[in-house]
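Colleague: I have a few questions about the labels used for this model. Shall we go through them one at a time?

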Amino acid sequence: MSTNEHHDPDSEFVGELGSALRATGEGFPVDGRSALVSGGLARGRRRLLRRRLAVTGGALALAAIGVGGVYAGTVVTPAQPAKASVGAAEQKAKPSPTAEPAGKPTADTLKPGEAQIPLSAIADVVRANTPAGQWRFDGLEGTGQGVSGVYDDGEGEAAFGVFLSRAGRSAEAGTDMVTCPSKVYVPYDHCKAERLADGSRLMVFQGYEYPDKREETKNWRATLLTEDGFLIDASEYNAPAEKGAETSREDPPFSAAQLKTLVTAEGWRPLLKQIPKLPAVPAGKAPGKEGEPGKVRKPAPEVTGDGVLTTLTDLVPDGLRVVDKGGDGQFAYAVVDDGQGKSLLQVNVQYGMGDVSGDLFGSGDVTTLPDGRKIKLSQQPGEKGGEGVVWWTADTLRKDGFRVVVSAFNSGAQHEAATRPKPALGMEQLKALALDPKWAKLPIRRPAQ
């Protein structure tokens, strides 16, 4: 962990998703909004796993993964190599003399909870519910839960991917995946979320593969959360590959209405029924690094409700007008303006962080108060692409592992250019805000014993 790092939900999501994919290969749970906040570009992480969106922006978690490239490649069993390229032509696998026939997983290759849906069946539903055109899919001999490929209607090749999964283990799981993100964190052209007559929820999003470079590849997608807890996510691009390719057309080929038709097609129902239930997660088990077992951590309390948001807005200094706000659970943000330009504030309140004290406070401008609380102040350039953006942070940690970290920016959104020379709050104000005793009085949910 960086010595200058505030709470980064992208990293939580990468760990959660990587663990889920390695353990089950059948998707990932989206229980809990704490991992669905403060999106944008994750620093130095795998490109396809980097956009866990802000507050209400979990929908683009699927976009970040690149449904075709990562999902289809990860869960295809076993006829296609695990690193499938969206733009690659179909290739037939050449099994070794001792291998099982293509498309028939063995006990060694099939992971617990992994679906055995024929990829050709997924492709058939796609073809049947999209306009006439030429399709080229990546390796349909195996099984899994998603396919990727290239579509061409004569107006230019377009990369495409679709993935099926269970939303999660709780009744609330998946709702963030079908909620439009905040433009404070993710720029886009259009997004519509609606509840359909059958009780399912749909989000259609029209944005970009690189939110900080909106003149490049467009990424449009539709995500459906069914009433019985399944997710169908389809994404398309205006280029023959989601990255590393020149755009081939002005817009992706399928309109919002056509994407809706695709993800709501009845043909998905029999395929969804083949997805096993998510395996139970042992209490206190946390994901380890790639190739390492997870560490056992004591479950920590979690802040619930909108207390963090309410407290943040209450603590905004006089003279600053709140012009935008959002968040729930442990995270909240507010955009303030004193007449000199917008400034983004964000705060995260966490319990159980004592075991990473050395990572967070092992270097830099760290002070220890008489009561044992540690305070780390940092100033650095912004990292989300906004020109001239600076990022100031006050990070605090009590002896019992209770952490409050507050950040301020000199722009109303990290991906937009600076609107003022400095953030609206100075370092001493951020420090006072992070140390305010109100944070420790917020309602919490204690883990089951």
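Colleague: Why does Cys180 count as buried?

Modeller: Buried means under 20% relative accessible area, exposed over 50%, and partly exposed in between, with a 1.4 Å probe and protein chains only. Cys180 has 16% relative accessibility, so Cys180 counts as buried. Cys191 also has 16% relative accessibility, so Cys191 is buried. A caution: this is a predicted model, where local features need pLDDT of at least 70, side-chain atom pairs count only at pLDDT 80 or more, and totals for chains, interfaces and linings use all residues. Residues are numbered from 1 along each chain as its sequence is written, and side-chain values use heavy atoms, leaving out hydrogens and water.

Colleague: What makes the link of Cys180 to Cys191 a disulfide?

Modeller: A disulfide is a pair of cysteine sulfur atoms within 2.5 Å. Here S to S is 2.1 Å, so Cys180 and Cys191 meet the cut-off. The structure holds one disulfide.

Colleague: Which parts does the pair tie together?

Modeller: Cys180 lies in the loop between β5 (157-166) and β6 (190-195), and Cys191 in strand β6, so the pair ties together parts 11 residues apart in sequence. Strands are DSSP runs (E, at least two residues), numbered from the N terminus.

Colleague: Why is Gly229 called partly exposed?

Modeller: Its relative accessible area is 21%, so Gly229 falls in the in-between class. Gly229 lies in the loop between β8 (218-225) and β9 (230-237).

Colleague: Which residues does Gly229 touch, not counting those up to four places away in sequence?

Modeller: Gly229 touches Ser165, Arg166 and Ala167. Contact means heavy atoms within 4.5 Å. Gly229 and Ala167 are 62 residues apart in sequence, but 5.5 Å apart in space, C-alpha to C-alpha.

Technical notes
Helix = DSSP H or I, 4+ residues; strand = E, 2+ residues; numbered from the N terminus.
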